[in-house]
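Take a look at the sequence and the model first, then read on.

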Amino acid sequence: MPIAFELNGVAREVDVQQDEPLLYPLRRLGDVSVRYGCGAEQCGACRVLVDGQLAFACTMPAQDAQGRSVETAAGLDSPVRRALLDFNAGQCGYCLPGIVVAAEALFRPQQFAPANCRRARKGAQAPTDADIRAALAPHLCRCGAHPRILRALAACRTSRYGGEVRQAASRSCERTRARRPVVRASELPTRPQGPACESCRRGPAVSLPPGLRAFPRLSNWVRIEAPDRVVAHTGKVEIGQGILTALRLIVAEELDVDPERVVIETAHTGRTPNEGITAGSMSLETSGAALRQAAAWLRRLLLERAAAELGVGPERITVENGILTAPGINRPLDYWQLEAVPADFELSESTAEKRPADYRLVGVGHAPRIDLAAKVRGEPAFVHDLPSDLHARVVRPPSMHHRLDAIAARIELPGHLVVNGSFVAVAHPDEFTASRLAERVRSRARWHAADVPAMAGTLADHMRKSETAALPLDDGKPTERPARDLATTHHATYSRPFLMHGSLGPSAAWALWQGGRMLVRSSSQGIEFLKAMLAKVLGLELEQVEVAHSEGAGCYGHNGADDAALDAALVARALPDQAILLQWTRADEHRFEPLGPAMQVELGASIESGAVSHWRHDVRGFTHSGRPAPQRRGVDMLAAWLMDEPFEPTPPQPGRGAESGLHRNALPLYEFPNQEVVKRFCTASPLRTSSLRSLGAHCNVFAIESFMDELAQAAKVAPDEFRRRHLAHDPRALAVLNAALQLAGGLDGPRGVAIARYKNRQCCAAVVVEVAVSDAAEVLVRRAWIAADAGRIVDRDGLTNQLEGGFVQALSWTLFEEVSFDTHGVTDTDWNDYPILRFSDVPRIETTLLDHPEQQPVGAGEALQGPTSAAVANAIFAATGIRPRDLPFNPANLRRAAAS
């Protein structure tokens, strides 16, 4: 049936089906700001204004829009939308269009006039903080961008509905920037007031980064491209961490051009360097180092050519925004006038890079996120938004242990049914029709379940019974030697449950099989690995497969992105010459994605003279390494296990590398005279597991930092002082601890503290939290103070955003999250079954950054997962005397802790 309505002020007409939600015709009309997240009014990603009133487009029947006015984020060029941009208020950004709509509904009735105007509407009052949180109550943000979003809207309020919002964002950045207690201003090198000669501005040569040794051709990394552009390539991908913005700053800084002139092209097989997986907070250390050195080489070559043309030495030339000048020479050149660097030029040695003392961009000021504008405006920004010929949905079995018997369903053209063994999918040109067809096929499919042994006893019992290896750590690496028996007097056991990635936008992928080649667009964190695995499963040569990264909703590790890519490729191969856009449902995402594994940590210690004399750490759990990878024995992709000729998954094996998987951060940050740390690897996980943000570091640090508080109590020493006694060997960690405590004003009251250095070599972060615990055993974290040392700061705003986002996401794990499951798998299917933190649960957060320009930058995105859980546990003890050791700290677990 046709309906006519007004969409963002423009008369539109569209055909809709009976009971079709408004979300689908809006997207058919090209408005992709309205996003599918849950289909059940639980996440807010689809919200719109209908005649000025908020509505959920995922459930509102489209025919109810007849004759009405519909507004979406795509049409709301309003102060609230601009405020979110000014504050870089987002990470992956999938949630932002819905939040724009909710904020607009909150602020619009005021119709604030500018601050210097006296004609503001009579009786208009600015929304309070409570009003803002209430307005965002229906909205979820999985990345932890809540603090930024709340600050942006608060600034919008205090600046009288948008006036001076950009200045407010800058002032907020400056306040964070001012807190740098480790390096005093008098100790920093003086930044030059004007252009300096080239020889004065370059530091000593550095070693050639591994990425450049593997891919030495300069044009693989950076090149000059007319008109007025610098193109840089990276094999790393944007997953909400802001890495493209940071890399652009590095290249722009080294070349002395404005960042707006630098274009970052991200991972695409055959076009960008193979930099493996974007994981482990390594992008700045690896891709950043390679691009910095490549840009330094490009600058050197361009200056040498300019020197030859101008007849002066390169050291006399200065560069400003790509324009080259020399004293006494009235002939300006720019990069784009010079002859291009040969495409086959290869680097065999390093060259000098700019001295940090001369940075104009890196670590300075407020860098706008280059990927955020399109997301806030609701433009096509995600793999979910790619144009296609057919929309596809997978018809999932009841569990991963079920196999197909038969399907009593036929689909008429232009629809399609694809069956390959127990892999079943439908496709149709219309997205809503594809979803309905999937439901119809699901209702007419018969499955049988394989025999799956029930888990004996509790999860803790099962983990002990399935333990297959006890591997003591030497220098951080698991070994085969026998574990030493250290007698200890204080003991405690800590645990965490299975956890979801829970991306706000369910996994999706795009695929096209044409001319004997498979092109896939995926939000995978490892497109090169994905290419090899697709070739293996599809029986193709590597040259026949091309994979390009396209952003998805935040994933935080190995979620369903790779699985969705294979799903889409299987449908595309069955339906050649048609572009396939395949998307999972919310229930699929919850039930079939790989999970963060459950863990258990047993600790023992002895105290002598107020300090730890003996320390024992036993960490037990399932694999954190389930990514599809060509070097693994099996094929670790969901659809590959269901095909006519199925592949077998890789049997789980304990990782042997330093600081990997289960034993990441099992070695304490502290120095103890006698310690033994043992990795106890378990097989037979009842659920599919893989990497989740910070891997084993989350539970290991939670346990270590909780136990340090318990030991401090036993030694009758203040928790902060007890930590200091064991950190004398690490002055930078001591400085971080002291900075967090100074920012918080100490530990008096219901407060807890925790600290860790991620992987014992990357970002060192400490957090202090203040809690309140209700009579109903509900925990509210009221305030949080964060201090961090990530070496040289590249993108100050982005670093703060990542630290605070990691804290908020870890706070959600700490207070709410726990996967429910039975013999056949996960039983949670939506956000009601698996609740996560909402805007009402976010504390006030203050962050201070300890800048070390003389050091290389290190990864920070996973630094706060463990410290957050431990600091909350320690604060609960300070508030109540109850020592919680089992995550999450929900009322049931707190009551059990109190009873024990």
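## Ground rules

Contact, or touching, means heavy atoms within 4.5 Å. This is a predicted model, so to speak of local features at all we need pLDDT of at least 70, and side-chain atom pairs count only at pLDDT 80 or more, while totals for chains, interfaces and linings use all residues. Residues are numbered from 1 along each chain as its sequence is written, and side-chain values use heavy atoms, with hydrogens and water left out.

## The core and Val769

Let's start inside. A nonpolar core is a set of buried Ala, Val, Leu, Ile, Met, Phe, Trp, Tyr and Cys residues joined through side-chain atoms within 4.5 Å. Buried, here and below, means under 20% relative accessible area; exposed is over 50%, and partly exposed is in between (1.4 Å probe, protein chains only). The largest such core has 141 residues, and Ile149, Trp615, Val769 and Phe807 have the most contacts inside it.

What does Val769 touch, not counting residues up to four places away in sequence? Its partners include Phe807, along with Val781, Trp785, Ala871, Val872 and Ala875. Pro750, Arg751 and Gly752 are also among them, as are Arg783 and Ala784.

## Rings meeting rings

Rings of Phe, Tyr and Trp (its six-membered ring) pair if their centres lie within 6.5 Å; planes under 30 degrees apart count as stacked, over 60 as edge-to-face and the rest as tilted. The structure holds eleven aromatic pairs. One of them is Phe498 with Phe821, an edge-to-face pair at 5.6 Å centre to centre and 85° between the planes. This pair links distant parts of the chain, 323 residues apart: Phe498 is in the loop between strand S21 (490-496) and strand S22 (508-514), and Phe821 is in strand S32 (residues 821-822). Helices (H or I, at least four residues) and strands (E, at least two) are DSSP runs, numbered from the N terminus. Phe498 is buried at 1% relative accessibility, whereas Phe821 is partly exposed at 25%.

Trp615 and Phe672 make another pair: their ring centres are 4.7 Å apart and their planes sit at 25°, so the pair is stacked. This one also links distant parts of the chain, with Trp615 in strand S27 and Phe672 in the loop between S27 and strand S28 (674-682), 57 residues apart. Trp615 is buried, with 0% relative accessibility, and Phe672 is buried too, at 8%.

## Charges over rings

A charge sits over a ring if NZ of Lys or CZ of Arg is within 6 Å of the ring centre and within 35 degrees of the ring normal. Arg35 does this with Tyr94, its charged end 5.5 Å from the ring centre. Arg396 lies over the face of Trp584, 4.5 Å from the ring centre.

Gln293 is found in helix H10 (residues 283-310) and is buried, with a relative accessible area of 0%. A polar atom of the Gln293 side chain lies 2.6 Å from the backbone nitrogen of Thr351; a polar contact is a pair of N or O atoms within 3.5 Å, where, within protein, one must be able to donate a hydrogen and the other to accept it, and residues adjacent in sequence count only if both atoms are side-chain atoms. Leaving aside neighbours within four places in sequence, Gln293 is also in contact with residues including Val206, Leu208, Pro209, Leu212 and Glu353.

Gly502 is in the loop between S21 and S22 and is buried at 1% relative accessibility. Which residues does Gly502 contact, leaving aside neighbours within four places in sequence? They are Arg142, Glu593 and Trp831. Gly502 and Trp831 are 329 residues apart along the chain, yet their C-alpha atoms are separated by 9.0 Å.

Two cis peptide bonds are worth a look. One joins Ala226 and Pro227, with omega about -5°, and Pro227 lies in the loop between strand S7 (222-225) and strand S8 (229-233). Another runs from Leu887 to Pro888, with omega near -5°; Pro888 is in the loop between helix H21 (865-880) and helix H22 (891-899).

Asp577 has a phi of about 65°, sits in the loop between helix H15 (561-574) and strand S25 (580-583), and is partly exposed at 48% relative accessibility. Ser609 has phi near 55°, in the loop between strand S26 (599-608) and strand S27 (611-621), and is exposed at 81%.
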